[in-house]
Amino acid sequence: MIAGMQLVGSFKASRGKASKTKLFFYVQLTALIIAILSTIASLTVAFLIADVDTSVLLPVAGQQILLYMAAFNVCAIPIFILGEGGMILNIPILLMQTLANGATIPRDMMYAPYEWFSYITPMYHSVQSYLAIMFGSISPAPYLWGLAAVGVGAMLINIIIVWVFHKPLPVDAPAEQPASLKKADEVMA
């Protein structure tokens with residue numbers, strides 16, 4: 001959620017320095033790099049402090065990266081629309097996801113709003129696929145596909161928001177270098 005606010009803030013601050021398509025691509029690429037690095041860090045810690053079966057590390061790593069990307073894009077929706085005020089909207093969304101994740105209450109026993117919410121947020125699919133991978137009683141594939149669908153759907157919504165609400169700004173030409181810097185560049189060459 002915080003990364004979403006920071007990256008979307010960088011997107012908005014950099015408007016006029018590159019096209020909004022490039023900026024959106026950079027935001028997604030930065031989120032992917034964060035997802036990969038944080039996955040490596042978290043799995044390293046988990047491997048060092050817990051008795052983790054190494055055969056599940058790669059599937060968990062892939063799912064973790066998918067989860068980070070899906071969660072980033074879901075959290076970025078209100079921020080792309082409302083700016084920093086979208087964080088206020090993200091707090092109840094995060095609370096609803098936590099209650100509807102299916103770890104303590106099965107989906108069949110949830111009240112209707114939570115059951116409905118569990119279909120459209122990444123947390124339910126992620127928790128269920130973690131349980132399937134770790135304990136192996138069922139296949140994680142349907143939950144991973146659900147997580148991927150939520151992530152792709154959220155990214156498409158973000159693309160539409162950027163396309164509709166964020167009007168293109170003219171890209172600034174690079175500023176002319178001061179004479180002292182030009183002279184320094186000539187000396188270095």
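1. Let's start with a pocket. The second largest pocket has a volume of about 190 Å³. A pocket here is an open set of points on a 1 Å grid over the protein atoms alone, with protein on both sides within 12 Å along at least five of seven lines, and the points are places where a 1.4 Å probe fits. Grid points are joined across faces, edges and corners, and the volume is the space filled by probe spheres set on them.

2. A word on the model itself. This is a predicted model, in which local features need pLDDT of at least 70 and side-chain atom pairs count only at pLDDT 80 or more, while totals for chains, interfaces and linings use all residues. Residues are numbered from 1 along each chain as its sequence is written, and side-chain values use heavy atoms, with hydrogens and water left out.

3. Which residues line the second largest pocket? They are Val74, Ile77, Pro78, Ile93, Phe117, Ile120, Thr121, Val150, Ala154 and Ile157; lining residues have an atom within 4 Å of a point. At least two residues of this lining come from each of α3 (57–82), α5 (112–120) and α7 (141–165). Sorted by class, the lining holds nine nonpolar residues, one polar residue and no charged ones. In this sorting, Ala, Val, Leu, Ile, Met, Phe, Trp, Tyr, Cys and Pro are nonpolar, Asp, Glu, Lys and Arg are charged, and the others, Gly among them, are polar.

4. Now the overall build. The protein has eight helices and zero strands. Helices (H or I, at least four residues) and strands (E, at least two) are DSSP runs, numbered from the N terminus. Of the 189 residues in the protein, 35% are buried, where buried means under 20% relative accessible area, exposed means over 50%, and partly exposed lies in between (1.4 Å probe, protein chains only). Among contacts with a separation of 6 or more, 66% are between residues 24 or more positions apart; a contact means heavy atoms within 4.5 Å.

5. The largest nonpolar core has 21 residues, and Phe11, Phe72 and Phe80 touch the most other members. Two or more residues of this core come from each of α1 (2–13), α2 (20–49), α3 and α7, and α3 gives the most, with seven residues. Apart from this core lies another, of nine residues, including Leu43, Val60, Ala61 and Tyr130. A nonpolar core is a set of buried Ala, Val, Leu, Ile, Met, Phe, Trp, Tyr and Cys residues joined through side-chain atoms within 4.5 Å. As background, nonpolar side chains tend to be buried together in soluble globular proteins.

6. Leaving aside neighbours within four places in sequence, Phe11 is in contact with Lys20, Leu23, Phe24, Val27, Phe80, Val162 and His166. Gln28, found in helix α2, is buried, with a relative accessible area of 9%. With neighbours within four places in sequence again left aside, the contacts of Gln28 are Met69, Phe72, Asn73 and Met155.

7. How many aromatic pairs does the structure hold? There are four. One of them joins Phe25 and Tyr26 in a tilted arrangement, 6.1 Å centre to centre with 55° between the planes; Tyr26 is partly exposed, at 43% relative accessibility. Trp116 and Phe117 form a tilted pair as well, with 6.2 Å centre to centre and 45° between the planes. In that pair, Trp116 counts as exposed because its relative accessibility is 54%, whereas Phe117 is buried at 12%. Rings of Phe, Tyr and Trp (its six-membered ring) pair if their centres lie within 6.5 Å; planes under 30 degrees apart count as stacked, over 60 as edge-to-face and the rest as tilted.

8. Ser10 belongs to helix α1 and is partly exposed, at 40% relative accessibility. From Ser10 to Val27 the C-alpha distance is 8.2 Å, and they are 17 residues apart in sequence. Thr21, in helix α2, is exposed at 62% relative accessibility. The C-alpha atoms of Thr21 and Trp163 are separated by 8.5 Å, although these residues are 142 residues apart along the chain.
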